[in-house]
Amino acid sequence: MTTTRREVMAGGVLLASVGFATLAKARNILPSPGWTQAMPSAPVPGTKITEEYAELVVRDVYFWAWPLVNLYIRRLVYEKVTETMISGAVPVAPLNRLGMLSDYIAPEERVVACPNQDVVYGAGTLALDLSPVVIQVPDFGDRFWLYQAVDLRTDSFADLGKMYGTMPGFYLFVGPNWKGEIPKGITKVFRASTNTGCVIPQVFQDDSPEDNKAVQSVTQQIMMYPLTEYDDKMKSRDWTKLLNVLSTTGGEEEVKWIMPEKFFDLLPLVFVDASPMPGEEARYAQVGAVLAAAENEPKIKAALTKAAIEADKGLVGPLFEFRNFGLQLPRYWSTQNNGAAFGTDYFTRTAVAKSNIFVNKPNQTKVFYQDLDDSGHRLNGANRYTVMFAKDQTPPVRGFWSLALYNQHHFFESNEIRRYSIGTKTRALKRHLDGSLTIYVQADPPPVGLVDNWLPAPKRGDFSLCLRAYWPKVEITDGSWTPPAVTKMN
């Protein structure tokens, strides 16, 4: 199965059987534990709903539920996958299984914005209502590794990685309502708050052919499968032999997972999967009342569609630009401190999902974003820039760090040396005699002696930088270290 842009953009076809009739299921959502102490919420059943009120509610829910719908649509797309393969430059697998790349992700990838070439990626989609899943952790030795496991809200529900001292073995992911027996040999159980989610293994690899060869011996034991297949024996697969299907996704932007006009056809099912967090009951009930009114009022339904389209453009769209959200830092950098742990921070959750979905938790990977130079002007390929780290001032990490460059669509843009990030993995990186380090960010090659420190920029158009600090030290997590300026050269 090849996931094409047409299939994804045809989400309306996939959802055609959902419709407003599914609202009945959404009305049976279990309340949060504190619900008995709350006052009744939402309009009394049968209350007349005005178009203006419907639009108000719709704009709000479209904003905060956008990441949830985004992930649920990915589940609907990948449930059609019948075998594990590479499609669109990413591993795709049947539900409750994963696939692994055997090298850095290709620059042609358009499925997830802001990929990186620091790690060998894997990917799998969870459907824990169908079955709990077992995920294997091989012996990574001294190599940095991390499994990101997120629920429908893109919040992490499992701590698995080198920074946690995770031991090799078998781990179990279960849904919110699972009550089965834990088999012998399972090291730990992680319970997700929703049945739908994503798992993204990440294993460090430097930029040498030798390390690419070495990493295969451990990644082949990264496996995920339904609990019924567990036998207390490590399974393995040679990921270098996966079928690589040419994808017709095409285009320069991320695959369009959400079509605003179909958003509310799917939302009731999303609400069934993601029960309200404490305090969200009133939000859910408000939306339920509006959707119920839309079932019988064509004008209300039309108002929903209109408001969704406007919210997509005016509310969600601008958050694609890094400078429009997050914690503002010196020298025009920004960051966020609650990636994959958003809770009720609806603004940051949606902003991250729009601009660079699937970020790790800050103690796993701290991400710094940059759209501007030190004069406050937009980074652009027509100019040359430097990023200079003073002696002993490269990012303080226990893992590794990298500086990645993305074009205006938050993807890699092909360059002559096929270099899309630079940092710890770059064996040829050269420091000055005083111990400082300068990275040259520009479209054309710098002088020959500086090419090893060159991060190629697009020949035209705006671009952005992301500095990632994997397993950051306290100087980063407490905010005392921030990245140096991006300086425009004369």
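Me: Before anything else, what does buried mean here?
Reply: Buried means under 20% relative accessible area, exposed means over 50%, and partly exposed lies in between, with a 1.4 Å probe and protein chains only. By that rule, buried residues make up 58% of the 490 residues in the protein.

Me: And what kind of model is it?
Reply: This is a predicted model, in which local features need pLDDT of at least 70 and side-chain atom pairs count only at pLDDT 80 or more, while totals for chains, interfaces and linings use all residues. Residues are numbered from 1 along each chain as its sequence is written, and side-chain values use heavy atoms, with hydrogens and water left out.

Me: How many helices and strands are there?
Reply: The protein has 10 helices and 22 strands, where helices (H or I, at least four residues) and strands (E, at least two) are DSSP runs numbered from the N terminus.

Me: What about the overall dimensions?
Reply: The C-alpha trace spans about 75 × 55 × 45 Å along its principal axes. The radius of gyration is 23 Å, which agrees with the value near 23 Å for a compact globule of 490 residues; this radius is taken over C-alpha atoms, and the globule rule is 2.2 Å times the number of residues to the power 0.38.

Me: Ok, what share of the contacts join residues at least 24 apart?
Reply: Among contacts between residues at least 6 apart in sequence, 75% join residues at least 24 apart, with contact meaning heavy atoms within 4.5 Å.

Me: Now the inside: which residues have the most contacts in the largest nonpolar core?
Reply: They are Ile-135, Leu-160, Phe-173, Phe-264, Leu-267 and Leu-304, in a core of 118 residues. The largest share of this core, 17 residues, comes from helix α4 (residues 51-78). A nonpolar core is a set of buried Ala, Val, Leu, Ile, Met, Phe, Trp, Tyr and Cys residues joined through side-chain atoms within 4.5 Å.

Me: Where is Val-287?
Reply: Val-287 is in helix α7 (residues 281-296), and it counts as buried at 4% relative accessibility. Beyond its neighbours within four places in sequence, Val-287 is in contact with Val-57, Val-61, Leu-267 and Phe-271. Val-57 lies 230 residues away along the chain, yet the two C-alpha atoms are separated by 6.6 Å.

Me: Last one, where does Tyr-440 sit?
Reply: Tyr-440 is found in strand β19 (residues 437-442) and counts as buried at 11% relative accessibility. Leaving aside neighbours within four places in sequence, the contacts of Tyr-440 include Tyr-385, His-432 and Trp-454.
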